[in-house]
Structures are given as structure tokens and as C-alpha cells.
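Open the model in your viewer and keep the selection panel at hand. The stops below each give a selection and what is found there.

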Amino acid sequence: MNELEHPTGDPYGAKDGKDLVSGITVFPMEPHVLRKADIDPKAARRAERQVAAMFTTSSLMIILFIVAFVVIPNTTIITVPVIGTVNANHLATGFAFGMAILLIGIGAIHWAKKLMPDVEVTQERHSLTSRDDERQAVAESFARGKAESGFGERKIIRRSLLGALALFPVPLIVLLRDLGPLPGTRLRETIWDKGIHLVTDATYRKIKASDVPLGGLINAVPENLLEIEHDEGTLNQRGKASIIIVRMDPAEIVSQQGETWDYQGILAFSKICTHLGCPTSLYQQRTHHLLCPCHQSTFDLSDSGNVVFGPAARRMPQLAITVDSEGYLVAQSGFDQPVGPSFWERG
Amino acid sequence: MSTTQDSVATPANTNAAGKNGGVATFIDDRLASANFTKRLLDKVFPDHWSFMLGEIALYSFIILLLSGTYLTLWYNPSMTEVVYNGSYVPLKGVKMSEAFSSTLAISFDVRGGLLLRQIHHWAALFFVAAISVHLLRVFFTGAFRKPREINWVIGTLLLVLALLEGFSGYSLPDDLLSGTGLRIAQGIIQAIPLVGTYVAMFLFGGEFPGTDIMGRLYSIHILLIPGLLLGLITVHLIMVFYQKHTQFPGPGRTESNVVGFRLFPIYMAKAGGFFFVVFGITVLIAAFVTINPIWLYGPYTPSQVTAGSQPDWYIGWLDGAVRLMPNLETSLLGYTISWNIIVPALVVPGIMFTALGLYPWIEAWATGDKREHHLLDRPRNAPTRTGLGVMALTFYMILQIAGGNDVIAAAFNLSINSMTWTFRFLLFALPPIAFVITKRICLGLQRRDNDKLLHGYETGRVLRLPSGEFLEIHEPIGDAEKAMILGKADVIPLELPAAVDANGVRNPKAAKSIMRAKLSRWYYSDVIPTPTDEEMLESANHAEHELHAAQSNTKEIANH
């Protein structure tokens, strides 16, 4: 016998102090112990007063809430020990409202515990399984309906219906088509191109090579970004084209992704992590390591931006740079590979 | 009663039903609801503190619906860029989305707006926390067993939906922190083989971040998922009502009854009151403890990030999994499979939630136990299940802690590299150890229970016998404790099937059956049987005799 059998007959019934299903010993209910409020009218009245006091205080708190809401200007900032600086209106209204609600709850529970009967009652469970004859009756009803509909015999109706039902949700999926454009080459391209100036991220100032300090890091974007963001009204290009510029002693550069992609030890790399797209921002000058704050992928910028630690699988794409006739940094070309996180078609 | 009297409510009937009889009669005349209402009012629920965990989840959900509705009155899910000109001075003149600027307006210009936002955010954190702890209670007490498997699956779905609901809401302010979370989510979607790039493009209306995602997340957050949650919660509660609540073993409690208090008036007051307690505490915490100060993070831009970026607590384990995964990526025939992303972010959670949802069937299959259970297991009495649960919890906790590895590294000045390697190792080493230790503890507790049954509890009163021997007096435990200890269901491991039947024919299914029988034995192995009636009697006689002998010629030397 592999399966455990359900005891037949009454599925639950206890017998001889033992529960038939589980075999546990059943003990009688313990005698009820009266509470103070059950025997002492004074205690009962005290409990009654306590509950009423809580409900009354709750009402007062609502009045306090309204007064605080109206009287305290929303601009008043106060400093409270432990909490720090906080909006006074927020604190006062929140306190009053919270206390008003809480007191209703505590009052109701206190009422139930002290004054309402605390004698446990027993209720029988009903069976959650139908009787065999009931199940039989359902099966018969179903069989009758099935026969009357002819769903079993009329194969051509059945098959064509199943086909129609299978196709009916298709428009619901097709209708989602214009949610967005097809990927196309969007994930492969940035607005970087030959001769585009590197400008500072926040202020859009061109960067003179001689102004980049040794060991320093500058967040930069392409010069044409501001215009494109304005036209498109999106941050999409910024999410791909953001770069960081670092300068190190040329002797410290172990390798680069291309010959002479630096300019006198100034290197430009994508800022967008190749793992899940966070902007990498923590640069350790001594080791030339760039750390992504999201999942701690670490890239060695002195060694082609290779991954030295963390979940990122690909090195940080490098942007080939040089200077224009006035000594400002410009791109030699766009990125030679997609920037940012992986995608299926990336290859 | 005549037919006329049945169909027409007489004034006498109304009076008999009391002051509210008018409404009751009105409803009953249309729904014949008297029987149902009586059963509802008289319905008995068992009392235990751990049964209130699910209530906290339910009440948090109501608080979320309420506070969320208010927030929709001011929030604007638009990504159109505006220049901020509200009352928060440090951000004046900064370019930001309308979503972010309207969230700032709620926080600084709408009176009570900050309170509503904080209530909403705190309630969301409590909602997921309460669901999680409720889940643990249901798991460790075996409340998911037949006939409650369907409700367990609904509960699992509710947890998944709550996580999605939480994440989508967390993203709506469009601040720097939540935007970074959204960027990561987009990267994960984009990494799905075959369809990922398309799904990401459609969801975001193009590249990240685009201008559509806030509006889409908004309809997901305030309509789609809350609707599903509301529907499933309703079914969840109806099932609890219909199947009646489980109860812990104790005096008078059997598999066939429910011992507790009636809905009306006790639970109306207690559970109703508890709703106000949960609500009140949430409001007080919202008033006193700042959560998600988006004004400090600033508006989202894809080229900035804050160090030590942390998601809300319930996403931490996923972030931890993503952090711990080694950097594997395969390029195959011009396509990229990012194992470093799809394994921790999709495969591992997929396996975890599937195993969670199917656990009732896994256990029933392994043990062969197809009985109905209405009496709960004390966790110690199901050592294998408790061990498995703690094992899974340990796995989860390591992922959760790993999700904050940068914060821990900074706080304790540790190397993030060696910490990551330590967590990778612990993720596989600790759970089995946790299993073994938990099981040992459970069995130890069972032995202690048996000891208590046989020898009573230690009173702390020590006797010295004339021979110089010391003896501590034990007193028998009360009926309530006895009932609790003895309320341990019999376990019946599956029989080992014969490889050959009575006629000498080989049983083709023997191998599978043997495996199942072994599994069942493993599941129930080391279960310590409760003492038999004879043992109890003998022990009681022995104790009485010993005590009598001791008391007749010794003096008590210590009485603590």
C-alpha cells in the first residue's frame, strides 16, 4: 500500500480521547478563569472608563489635527532631538492623526479583552469533501451537458471553435506593437563621431588637454548632446554617450583598446557599466580602477578597461580621442562597439 | 407561517430583530441572507498572536489603497522636462521631469502631502514584510497542507505581485535612486535571450529612459497590479472563511473542531481594533521617521548615480544575487547570452518562487501524507520541514546581506572583493549546515518535551537525602502543556514495496516506489515518538514514590 488511506466514515471524529485522523490525545478544555472585571463591578467600571477615555482622546486628537493643519504654516521647519530638522506641520498633523487612529484601536482591543466574554467556544468543522453520490451527480450533469451540446461528437465544430479561440487573443498582442520602435541599431550607436568635442557634463564647456590634471577624472558628454536632448526631449543619448576622462602617466598605461587612442596619457571611456548600465563613478587614482557603485564591477582603466572584479563580463568601451588645432579634446571617431549592458543580438 | 407572512415583513418581525432590523429586513427580503449572516456572526476563530501577521498584511494593503488614492490627486506621471520652481530651495532652477517635480510638490507644497507619501511608503514596506513573515508562519506550522494548498499558491502569487507593485511604485517619483533601480531593471529585461531587446524597447517606448515609462508604470502600479492583488486577496480571505482557520493543538482542540472566539463581537472588536492599531502606528512612524527623502537624491539623469545605492529592502536579495554571480557571458553564433544577468535575476528567482508555490505538493509527495490537517504542527515536531525552511531562509539571508555588501564593506572597512568571495562560498556552505543544526535543535526540543511529560518540570527546589545525595523536585506539567506536547500527529512513513509480488512477478514500479519510500523515511527519520500511556503511568508512579520516600526523611535545603 503506497498511499495513506483516509479513515472511512466520519473523517474527523475523535474516539476514546484520541483523534482518529492524527492519533493525537485530546484533552478536555481547561476550566474558565474569571477576570477581575467579571467579578468586581468596580474593576469593570474602571475598564469602561479607560476605554471611553481612549475614544474621547481620539476625538480630541482629530481636533488637534485640524488646528495644526490650519495654524502651522507648511514652511515652518523645526529641529527636534533625535528626529532632526522636520516640517512642523507634517510632524504635528501626523502625530495627531496617528494618535487618533491608534487610540480607537487600543480602545477597541481593551474593550474586547476586559469587558467582552472571554469564554472560548467550540465549533465543529464541516467536511470539505463532497459525498460520493454528490460527486456522481455532478459528473452526470456534466456528461448530460456535454452530450446535449454535442461537443464530443461534432468534431468539426469543436476543432474550428478551438482554432478561433486560439487566434482571438492575437489582436490583443498585435495591438501592443506601437508601444515602442523596433530595436534597429539604436543600442549600437551613440552620437559620438569624428571631431566632436568632449565637453564637461554639467556646464558643456570644451576641455583643453592641458587643463586635465594628472590623476584627475572629468565627467564628459559630446558637445552635440544639449541640442539633441532638446530636440528629442529625452535623456536617451545621455544614457549612452556619457564618458569619463582620466589622465595618467603614459608610462603607467599597460594597454589600450586601440593604438594611440589616448592623448598624452588622457584616456576616455564610456561611463555606462557594461553589466547593467549604471553610471560608473568611483575612480581610484592610485590603481586606476573604476568601480560601479551598483554591483561593484571593477575596470582597470590603465589596462584597456578590462574587468578585474565583479559581475560585469565585458571591458569598458574606450573612446579614441585627440585634440583639435586649439588643443581641445575631440573624438577620433565614435565608439567601435555598443556601450552599456548586454543584449541578445549584441554578438 | 403562512405564505403571506413569509413574503411580507410585519412590524412585529422588525421589532424582534432590534433597532437595526429595518436594514437587516431590507437586505434579507432581497438576498435571504439571514442564515449566512448568522453563521458569519457566530463564526469562531482561534486565537494566537501569529495569526495576526496576515492581518497586518491585509490592513497595510487597505492603508496603501487609501493613501495611494490621495497621492494620485497630485502626482503627475509625465516625463516632460520642467524647470523646478517650487518651495524646496536647493532644487530651484533644476531641470527635472514633471513626475519628480509633482512628487516634490506633494512633499513640500501640499499640506499633509509628505505625510501621505510617507504613510504610503512605510505601509508598502510593512506590506511586503508582513506577507513574508506570514508566509514563514504558514510554512513552519504546516498550515499549507491539505486542504489549504490552493491558498498557499494564491499567497505565493500575492508575494510576487507585492514585490512588483512595490518596485513599480518605488520607481514613480523618478528620483536619482529609483531611476538607477529602473536602469538595472531595464538592463535585466534587455538581457533576456531572444525577446529581451524587443520587450525592453516596447516597455520603455524605445531606449532607456525614454519618455513613456512613468505613465506605463503608473497604470501598472495603480490599476493592473492592485486589481489583481484585490481579487486574489478576496479569494484568499473567502477560502480562510470557508475552510475555517487552522489552530494549534491544545485542550479541547481536535482535527474536527475550532476553539476560539466568535467573530461578533470579539473579533469585530479585536481585529477591527487591530486595523486601527496598524494604521495608527504606520501614521506615527510616517510622522516621525523620514523614508525615501527624494529631495536629497535629486532628479534622475542616466549619467549620475549615488554611491551606496540601495533598493528597498524587499529587492535586496535580488540585488545580492546579481552582485554575487561570477561574470559569465557566452557569445554564440552572433548572439549574446548573459549568464551573469539571467541566472541571478531570472533563473534563481524563478526556481525559488516555483519551489515555494509547489512546496505543499513536494512535501505531500515525499511523505505520502494525503490526510487533511487542521491542527498545526509545532515547528519542532516537523524537523525536516523546519530544517528545509531554515535552509531556504539562510540562502535568502545571505543574498540579502550580499545586497548590502558595499555598505557593510564601507562600515567595517572590509575588502569588497574578499567579502564577495566569502558570500559566494557561504551561499552554498551555510544552508546545509543550517539544515542539520535546525533539525538537531528540533529533535532536542522534542526530547525535552518528552522529558517534561515523563518527569515533569524542574521546580528549582533541591532536596538533600540522608545519604548526602541531592535531588531536585519535579512537578507534573499542566494539562494545557500536555495537550500542546501530545498534539503531535502520528507520522507514517511509506512502506517499502516488495520488489517481487506474491506470485513472484517483478514489480515494474518497484524502483520508483522504493525511492519514494526512502524519501518518506528520510523525511520522517529521527522522529521521536511521544511516550506511551504505560510509560507515562509508570513514570508518574515512580516520581510519586521517589518524592514520598525523599520527603519523609529529608529536609529541604534550597528553595529558589
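**Strands across the chains**

Select strand S5 (residues 121-124) of chain A and strand S4 (residues 257-262) of chain B: the two run antiparallel and are joined by four bridges. Strands here are DSSP E runs of at least two residues, helices are H or I runs of at least four, and both are numbered from the N terminus. Two strands count as paired if DSSP finds at least two bridges between them. Within this pair, pick Thr122(A); opposite stands Val259(B) in S4(B).

This is a predicted model, in which local features need pLDDT of at least 70 and side-chain atom pairs count only at pLDDT 80 or more, while totals for chains, interfaces and linings use all residues. Residues are numbered from 1 along each chain as its sequence is written, and chains are lettered from A and ligands numbered from 1 in the order in which they are written.

**The contact between A and B**

Now select both sides of the contact: 93 residues from chain A and 108 residues from chain B. Contact requires C-beta atoms, placed from the backbone, within 7 Å. On the chain B side, helix H12 (residues 263-288) gives the most, with 18 residues. That side has 51 nonpolar, 37 polar and 20 charged residues. Nonpolar means Ala, Val, Leu, Ile, Met, Phe, Trp, Tyr, Cys and Pro; charged means Asp, Glu, Lys and Arg; the others, Gly among them, are polar.

**A sheet in chain A**

Go to chain A and colour S6-S7-S8-S9-S14, five strands in that order in an open, antiparallel sheet. Strand S6 (198-200) and strand S14 (318-319) are the edges, each pairing on one side only. Strands S8 (residues 243-247) and S9 (residues 266-270) share five bridges; Ile243(A) has Ser270(A) as its bridge partner in S9(A).

**The largest nonpolar core**

Next, show the largest nonpolar core, with 169 residues; among those with the most contacts inside it are Leu198(A), Ile245(A), Phe127(B) and Ile131(B). Such a core is a set of buried Ala, Val, Leu, Ile, Met, Phe, Trp, Tyr and Cys residues joined through C-beta atoms within 7 Å, where buried means 20 or more other C-beta atoms within 10 Å of the residue's own. Helix H7 (residues 113-140) of chain B gives the most to this core, 16 residues. Zoom on Leu198(A): not counting residues up to four places away in sequence, its contacts include Ile207(A), Ala220(A), Ile245(A) and Leu329(A).

**Confidence**

Finally, colour by pLDDT, the predictor's confidence in each residue from 0 to 100. Chain B has a mean of 90, with 93% of its residues at 70 or more.

Definitions and conventions:
Contact = placed C-beta atoms within 7 Å. Buried ≥ 20, exposed ≤ 12 C-beta atoms within 10 Å, placed from the backbone.
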